[in-house]
Each structure stands twice: as structure tokens, then as C-alpha cells.
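Good morning, colleagues. I would like to take you through a structure with two chains, beginning with a single pair of residues.

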Amino acid sequence: MAASVSAAMQVSLWQVLIQRRSVLIGLIILAIIALAAIFAPLIAPYEPNAMSIRDRLTPPGGQFLLGSDEFGRDVFSRAIYAGRVSLSVGLGTAVLASLFGVLLGLLGGFFRRLDGPISRLIDAMMAFPDILLAIALVAALGGSLFNVILALSIVYAPRIARVVRASTLVIRELPYVEAAKALGVSTPNILVHHILRNIVSQLIVQATFIFAYAMLAEAGLSFLGVGVDPSTPTWGTMINAGRAFVGTADWLILVPGAAIVLCVLSLQIAGDGLRDALDPRLAKEV
Amino acid sequence: MLRYILNRVLGMIIVLAIVVTVVFVIVRLAPGDPAALMLGPDAMPEDVVELRARLGLDQPIIAQFLRFVGQIASGDFGESIFFDLPVLEVIGQRAEPTIFLTLFSILIATSIAVPIGIVSAYYRGGLFDQGSISGAMLAASIPSFWMGLILQQYLATDAGWFPVSGYGGPDASFADRMGHLVLPSIVLGVVNSALIIRFTRASMLDVLSDDYVRTARSKGMSERRVVLRHAFKNALIPVVTVIGLTFALLISGAVVTERVFNLPGIGSLVVGAVLRRDYPVIQGTLLVVAGLYVVINFLIDMVYLAIDPRVRY
């Protein structure tokens, strides 16, 4: 039964991708940006750190497609390479936050004794503004790429946990879970095969939003100078470096900013479309 | 009802206790000796020993925790290493721009979002509705600091409509200081209006299909009256919750926006504290902001209880 429900959901996920044009468009834009980042060495016309003082602050067009920065580095090449870091932070956070969140949510939703403490922990974690908590965590852990991902995962895991817990509470009471229990299926087995499999689609929707939030948060942290090492090009560090030239070389902040907006927007469109398609009740309301 | 209130108070105290524990753990995640980190690499060893003793870091971790909880409970949030002042006093000195920035942005976000949400729901599926949904999504995708930098350049530096940055200097009047918050508040308000638009719209859609709205219409009441008096009044409740929840979003946005406009608020205080490794300030700010969030949302729940007879938990 669980397997067939899950299979039905997987089918619907594929159908959503094909039928919902908004989801498809969102994912295509994201895929283009991701592919550009992955194949950066092949696409970028210049080395991201290659300086040419003679060509500093060259406007877009001509030799530099999207202009050059204060050290004469090609903004287009840097933006593509920066995408690698920004997207890694988004994806890494979405995956790690989902792992933490699923663990907490499943335990809280399935075991009544753990529900109280876990729910209160989720409430407490969500009381911290995301950037503020991330700043404090990065300050304590250190500003490496992995630590930024870890910090943002701790920040966003409670959001996933809350959704997983709510769904688990409902699924726990369904007859097929009762039946599985009666048949003597082990608890870990029930959790993974009967419950987790049935919330996968919801999880994907949430993870898509976390991907987007994490990219915004990373940009914010880098802009504040408390994120990844400032010498690493991310879209946030590029904006931070370019702010001194707003008014004279606007492209230095416009290019990385537009990249962030495009990525976050496409993720939100995809997440929204997926959610609407998977939950027709919500499609009507939101 | 009394039982519900008592339960909620108890729940709030437990959440606050966890908040305190989380903050305690975060600050101790830092590898190495916090006292040595705070004083920097050039510190004299005896100064490090003295600071360790002053902060109680030479005691077992449980004793440190109990001491920390005791201090927080008695309102002692420690002393800033850099300013050499009580943390609460330092936060108090920096609170004004952040509080007013947050308040103004809530006002701006609400006054943009609520009318758009109502009209969107009323003309559901129409051009305005689709436009507002797309607009909300776009607004939620823009980093507030990026929009801040762009508007600062075009509306403040070039057009001269707003002060470019800062908080008006030490002798600035209240009106002058508030004037410096207008553009940052617009930025933050617009970016954060998205969530409120969506909630107002969803909540209005729910209410517009209710029986009493149909009854009001069938009585021949004007559409304007039906929508504003009957529907909106009832749709307002979920909207108020969201406005409460956006508090955390706005504080996050304020932290970054303050940096764009060089506002001497809580955001710049925390960022400065991180760069100076002033842990008591980081810890104190987290406690104050998260504590406020918990209390504000508790109060919103209590307001419900008072104004909505349907809430009988």
C-alpha cells in the first residue's frame, strides 16, 4: 500500500514537471545557471582572478561582456565562478537542513514522548532571526564554506522539521501504518518505508524554498563580511566589493544581484508550482 | 480559558529556557579558549586568566551554565568586552534605529500588502491578481541590501530625495533621525510585503466564500461594505499573525539594511561584535531579539483570545 501511494506520488511529481509550465520554466532557468557554474572553466572567457590593471572598471560590451571590476577582472567570468559557491551553499543547505529536519520531524511526529521537547526546540530555534543566528553560528564555527552551509542548515532545519512532524502526525494514524505495526514491521522500517516515503514530495517542495532562502542568506552574510572568506568570489562578496563603485560602475553590483534574483525567483516559481500541484487545496488558496 | 493561558505561559517559559540554552551552546561552539579569542593574539597570559575567571570560564561546564541562567534570570546579560559596559546598556544605546526601522517597515509592508491582497482575492484569477502574485514573488527574491544599494544611489545620491546614509550625527533632532530611516524602511517594507500579500489574499479568499458574506450580499449590501466590513474584518486575524511572524524576517532584513545605510543599530552592533569577537554582545543580542519574538507572538495569541470569540482552545 505504502509503495503504491509513493509510486503514485512519484508519478504525479513527473506529471507536475511536464504539465506545469511555471515549474518547468523555473527549473530550466535554474538548470542553465547551474550548468554555467558547473562548466565555468569551459564557458568563462577569462580566469576569474586574472587581473589587468590597465582594463580596470571597463563598462560592459566590447572586450568584457559584462564589464570589468576595480582590478580589471572580468565580471562575467567571476559571476559564473561565484555561482559555484552560491549554488553549493544553497544546495548543501537544502540537503543538510532536510537531513536534520527529517530526523527531528520524524522523531517528534512518531514518538509521542519526544514530541513535546522537539516541538519546543523547533519553536525556540525559529525565534531567532535567520541572519542573526547564522552570523552567531559562523562567528563561533569559523567562516569556511562548509561552516556556512552547516550554520545555515542549523538555521533552516527547524522549518523542515515542523512540516515533517505535522505530516508524520497524520500518517502515523493511517490504517496501513497500524497494519504494518500489527504485522511486526520494525519501527525504523515503518519510519523510512511507510512514513518518509509518503512525505518525500512535500519535503522536495520545502527543500526548494530552503535552497532559495539559503542563497539569499549567504549573500547577506557575505555582504556583511561575516560569511565565506571574502577572497572567495560569491555573488554576495561581489556585491560587497562593488558597493564602493555604485554610481560609477553599477554593473559590479547589478550582475551578481541579478544572478541572485534570477536563481531565487526560479526556485520560488518551481517550489510554488510543485506545492500547488501536489496540494490542490493550497492551489486554490494561495 | 484560564487553563489555556497558563499552558501558553508555561510553553513560553520552556521555549525561552531553550533559547537561553541554545545561546549558551552557540557561544561555546567556538574552538579554543573564548577568553583568549576575545582578547586576541597579543593578549598577556595573565589577562586571559583574569578574563577567564571573570567570565567563569574556569569552572565546569554545568556550573558555567547554571551561572549563565542565574545571571539572565536576574537581568544581568554580562558586560561587553569592547565597550566595557553592561550588554543591555550597549543594546539600549543602539536599539532606536532598529526599533523604528522595524516599525516603519511593518507599517509600509502592511499598507502596501493588505490592499493588494484584498483586491487580488476579490478579482481572483484576473490580471491584477496574477500581477500581484508575480510581484510578490519577485519582491521576495530580491536581497534587501541589493535593492537598498540601488535605491540609495538613484533616489538619495542622484535625486537627493532622501538622506544618503547615517543617522544624522550626534546632535540630530528626532525628526532628522527618523528622516534617515525613510528610505531604508521603504526598502525593507517592499521586500517583506510579499508574505503579507499572500496571506491577506489567502485569508480573504477563505472568508469571501463564507455563508455570512453571501448573506450580506443577498441583503443587498453594497460590495464595498461587504468586502471591507464583513469579509476583511474576519480575514484580518491570520494577517495579524503573519505580521507578528514577519518580525523575525524584518530583524534579519534590518541587520543587513542597516549596513547599507550605515545606521548605528543592532545589526551593525552584532556585525561589529563578531569582527571584534565580543561574545557577550553577540549572546546578549540573540537573547534579547529571540526573547522579544517569543513574547510578541505570545501577546498576539492573547489578543486573539480577547477579540475572537471563535478561539476556544
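How many residues apart are Arg120(A) and Asp123(A) in helix α5 of chain A? They are 3 residues apart in α5 (residues 112-126), which means that about one helical turn separates them. By salt bridge I mean a side-chain nitrogen of Lys or Arg within 4 Å of a carboxyl oxygen of Asp or Glu. Side chains of opposite charge can pair when their charged atoms come close. Over all chains, the structure holds 10 salt bridges.

A word on the basis of these values. This is a predicted model, in which local features need pLDDT of at least 70 and side-chain atom pairs count only at pLDDT 80 or more, while totals for chains, interfaces and linings use all residues. Residues are numbered from 1 along each chain as its sequence is written, chains are lettered from A and ligands numbered from 1 in the order in which they are written, and side-chain values use heavy atoms, without hydrogens and water.

Next, the overall picture. Chain A comes to 13 helices and 0 strands, and chain B to 14 helices and 0 strands; these are DSSP runs numbered from the N terminus, helices being H or I of at least four residues and strands E of at least two. The C-alpha atoms of chain A fill a box of roughly 75 × 45 × 35 Å along the principal axes. For chain B, the C-alpha trace spans about 85 × 60 × 35 Å.

I turn now to helix packing in chain A. Helix α2 (residues 21-38) and helix α4 (residues 75-110) of chain A pack at about 110°, with axes 7 Å apart. The axes are lines fitted to C-alpha atoms over the stretch in contact, and angles run from 0 to 180 degrees between N-to-C directions. α2(A) is therefore roughly perpendicular to α4(A), a term that covers 65 to 115 degrees.

Ile38(A) lies in helix α2 of chain A.

Notes. Parallel < 35°, antiparallel > 145°, perpendicular 65-115°, else oblique.
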